[in-house]
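Please keep the sequence and the 3D view side by side while you read, and look for each part in both as it comes up.

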Amino acid sequence: MQNSPVLIDVIAAVQSPYYNFLFAKWMAAQNDQINMALVDNCGHDIMAEVQDRFNQILHHFSLKNRYLSN
């Protein structure tokens, strides 16, 4: 992860029973190309459980990195 040449956005659910959200923090600390967002009050399926919050995070990432014009 230390040498990723592309921007990466990691969205992690704090209450996921399958994935330790602290790994997202570790990844972001290793590489400035990695952005991370932690979603609280959510299990493993972020897109299905909190659609509006997921879409907001994805939209922000897309605008910030000029994938969208507005």
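Just after helix α3, Arg66 takes a positive phi of about 60°; helices here are DSSP runs of H or I with at least four residues, strands are runs of E with at least two, and both are numbered from the N terminus. The model is a predicted one, in which local features need pLDDT of at least 70 and side-chain atom pairs count only at pLDDT 80 or more, while totals for chains, interfaces and linings use all residues. Residues are numbered from 1 along each chain as its sequence is written, and side-chain values use heavy atoms, with hydrogens and water left out.

The protein as a whole has three helices and two strands, and reading along the sequence gives the pattern β-α-β-α-α. Its C-alpha atoms fill a box of roughly 30 × 30 × 10 Å, taken along the principal axes. Of the 70 residues in the protein, 30% are buried, where buried means under 20% relative accessible area, exposed means over 50%, and partly exposed lies in between, for a 1.4 Å probe and protein chains only.

The two strands, β1 and β2, run parallel and are joined by six bridges; strands are said to pair if DSSP finds at least two bridges between them. One of these links can be followed from Asp9, whose bridge partner in β2 is Asn35. From β1 the chain crosses through helix α1 (residues 22–30) to β2 in a right-handed β-α-β crossover, a term which means that, with the strands pointing away from the viewer, the path from the first strand over the helix to the second runs clockwise.

Asn31 is found in the loop between α1 and β2, and it counts as buried because its relative accessible area is 4%. A polar atom of the Asn31 side chain lies 2.6 Å from the backbone nitrogen of Gln33.

Further along, in the loop between β2 (34–39) and α2 (46–49), comes Asn41, whose phi is near 60°, a positive value in a residue other than glycine. Is Asn41 buried or exposed? Asn41 has a relative accessible area of 67%, and therefore it is exposed. If neighbours within four places in sequence are left aside, Asn41 is in contact with Gln15 and Val50, contact being defined as heavy atoms within 4.5 Å. Asn41 and His59, in turn, are 18 residues apart in sequence and 20 Å apart in space, C-alpha to C-alpha.

Within α3, Phe54, Ile57, Phe61 and Ser62 are buried. They are on the same side of α3 because they cover an arc of only 135° around the axis, the arc being that of the directions from the helix axis to the C-beta atoms. The buried residues of α3 pack against β1 (8–13), β2 and α2, whereas the face turned away from the buried side carries the exposed residues Asp52, His60 and Lys64.

Definitions and conventions:
A polar contact is a pair of N or O atoms within 3.5 Å; within protein, one must be able to donate a hydrogen and the other to accept it, and residues adjacent in sequence count only if both atoms are side-chain atoms.
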